[in-house]
Amino acid sequence: MRPKPGDLLRIDGRASVQFAGDRALTFRVVSVCDRPTYAGWVWLTGYVINRRGNATAKREIYVQLAGLRRASVTPSRQRIAAGGGQRSV
């Protein structure tokens, strides 16, 4: 999968060993870097999203494209999309 800005991804050990186990995270992509990398890898800039659907930290991560998975939308993210009064990232 080739990510694009706005995608919500589950980043875990399949994307990079540094995100294995309890270090996995949900990540909202802000930008995809076009600088050259090793084949099949990419730099992503975005926000770590917590269980409530809030952005907690801005990060730049280096991951394998083959290991990227779309994250399921949490109930709070659905509420935000429906205009539930919270600010979206």
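Strand E3 (residues 41-49) pairs with E4 in the antiparallel sense, over nine bridges; two strands pair if DSSP finds at least two bridges between them. Within this pairing, Ile61 in E4 is the bridge partner of Leu44. The model is predicted, so local features need pLDDT of at least 70 and side-chain atom pairs count only at pLDDT 80 or more, while totals for chains, interfaces and linings use all residues. Residues are numbered from 1 along each chain as its sequence is written, and side-chain values use heavy atoms, with hydrogens and water left out.

The protein chain has one helix and five strands, in the order β-β-β-β-β-α from the N terminus on. Helices (H or I, at least four residues) and strands (E, at least two) are DSSP runs, numbered from the N terminus.

The five strands form an open sheet with antiparallel pairing, in the order E4-E3-E2-E1-E5. Strand E4 (55-64) and E5 are the edge strands, each pairing on one side only.

Of the 89 residues of the protein chain, 36% count as buried, meaning under 20% relative accessible area with a 1.4 Å probe, protein chains only. Among contacts (heavy atoms within 4.5 Å) between residues at least 6 apart in sequence, 42% join residues at least 24 apart.

Conventions: Buried < 20%, exposed > 50% of the residue type's maximum accessible area, 1.4 Å probe, protein only.
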